Amino acid sequence: MKNWQALIFLLFLFLSCKKEPSVVPGLTLYESQLFKDVQLQAIFKDSKTFVDLVPTQSIHTLEIQYLNEKDKIGFDLTEFVLENFEDRSMKALEIKTDTTKSMYEHIQTMWDKLTRGPDSVVPFSTRIALPYKYVVPGGRFQEIYYWDSYFTLEGLLVAEKGQLAKAMVDNFSFLIDSVGFIPNGTRDYYRTRSQPPFYALMVDALARKDSTLLTTYLPQLKKEYDFWMATSGSQDESSANRHVVQLEGAVLNRYWDEGYTPRPEAYKEDLHLASDLSEAEKPALLNNLRAAAASGWDFSSRWFGTQGAFNSTETTNILAVDLNCLLYFMEKTIGKALRQNGNVNEADLFQEKAKARKKAISQFFWNEANSYFQDYNFVTSTATPELTMAGAFPLYFGLATKEQAEKTKNVLMRQFLKPGGLVTSLEHSGQQWDAPNGWAPLQWIAVKGLLNYGYVKEAKEIMKRWLALNEKVYKNTGKMMEKYNVEDLTLLSGGGEYETQDGFGWTNGVALGFKQMLEEMK
């Protein structure tokens, strides 16, 4: 055989014996080259879109297929994705608005459109299936979200949809029992973090009509508390509960996420933000971004830290005033439920925990110089510089003294109150949880907090401004928004990683709650 014939023969043998790409069994979507390429090439405008699509086959199979085909002439990544992933998004969220209806009539019709479940298990889907009906926020958020749901639930109770409200709580109880905690949302990419712990408030809201429900949900309340508070007892820091910070004898909490990689639902955005850092510095920033997402305030100058920049976010160094107020209420609620259950000794223990936390909140979060409650950076041993609406939480839970409440009220009315309601912070950072945006849940917290201390006139003013803005935007757009520009009423809100969403669960709930409260005040 001539040399050239031998070479051709050997080449033929090599090509015919080419092995399949080596892919690790059990490969997850987020570990795959396919995932990285789709996200970095921005096949979809919103990074969340891809992770919510449903693969038609296992990721292991698709990864092999992708690696075999991606370098071939004429290969089209977009076409590959569309052929191998299904869009099972909820088309009913494409809301058609009847502008002849009032805003409040529109909200009543929205509950059915935003209601989902019970879920069936869909193979290869990122969705965590839930056993009962639930209400989604709307827009891009087509799964249940933790802290959103409390404010939605308050609206459901006003709308006399108590069974649906209870189903929401039962779903969260299911998550506590099955996952071990309540994830940020019901997607598997949220399993590394929770959100502001409003479960106790949801249970308490149901218990207004049936106080026995406190004991019904007591096992889940305690499991939720253990997630936020339990320590391993090990000397190995990696196995300790990272939510807990012990400081000068006080036990306080911070927001935390177990991951140190880009968030799957914001992969290219996180990588871009970390691009100027060294490889050694990137994991810490990515972890802090994830922790900020756990706070629900993603993102805000509240977490920017000592350097005052987005790419220096240091959420994990910050003890959050809202989180610690929520845990105070959880301790109080568990103590109350234990007492109802006849477990007096354990009830007393939780009441002591709540008492100690109340003292610590006043010690570490009250800033006399600014006459306001602020987050505390335990690394620098100083209050964080930003004044934010998180400072209203101590009033909501009755943790402020009369003097602190009056000073907080003055700051809220003089610095935070704008033509359309309360602005989230005083900083114009370009992030969505800063000025000029206002958010329904923070209006609710502030109004209820002011009412707790007898500031009825001020609470009514905030409610009227907020509802007037809601009604104005609804009249112009036919929609209820996720957030609003409270400074310039001619503009919609902005900032953040995605466009302003409509639907919208917590805005609907707060609007109905405020309307009822104002009617009762007449």
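In helix H7, the residues Tyr146, Trp147, Asp148, Ser149, Tyr150, Phe151, Thr152, Leu153, Glu154, Gly155 and Leu156 are buried, where buried denotes under 20% relative accessible area, exposed over 50%, and partly exposed the range in between (1.4 Å probe, protein chains only). Helices (H or I, at least four residues) and strands (E, at least two) are DSSP runs numbered from the N terminus. Because eleven of the 13 residues of H7 (residues 146-158) are buried, this helix is largely enclosed by the rest of the structure; just after H7, Glu160 takes a positive phi of about 60°. The model is predicted, so that local features require pLDDT of at least 70 and side-chain atom pairs count only at pLDDT 80 or more, whereas totals for chains, interfaces and linings use all residues. Residues are numbered from 1 along each chain as its sequence is written, and side-chain values use heavy atoms, with hydrogens and water left out.

The protein chain contains 20 helices and 15 strands, and 54% of its 522 residues count as buried. Among contacts (heavy atoms within 4.5 Å) with a separation of 6 or more in the protein chain, 68% are accounted for by residues 24 or more positions apart.

Helix H15 (residues 344-365) has 22 residues, which at 1.5 Å a residue should span 32 Å, and its end C-alpha atoms lie 31 Å apart, in agreement; the expected span is 1.5 Å times one less than the number of residues. In H15, Ala347, Phe350, Ala354, Arg357, Ala360, Ile361, Phe364 and Phe365 are buried. These residues cover an arc of only 145° around the axis and are therefore on the same side of H15, the arc being that of the directions from the helix axis to the C-beta atoms. The face of H15 turned away from this buried side carries the exposed residues Asn345, Lys355 and Lys359.

Asn84 belongs to helix H5 (residues 77-84) and is buried, with a relative accessible area of 6%. When residues up to four places away in sequence are not counted, Asn84 touches Val54, Pro55, Thr56, Gln57, Leu62 and Gln65.

Strands E5 (residues 244-247) and E6 (residues 250-253) pair in the antiparallel sense over four bridges, pairing being assigned if DSSP finds at least two bridges between two strands. Leu247 has Ala250 of E6 as its bridge partner, and in this hairpin, with two residues between the strands, Glu248 takes a positive phi near 50°.
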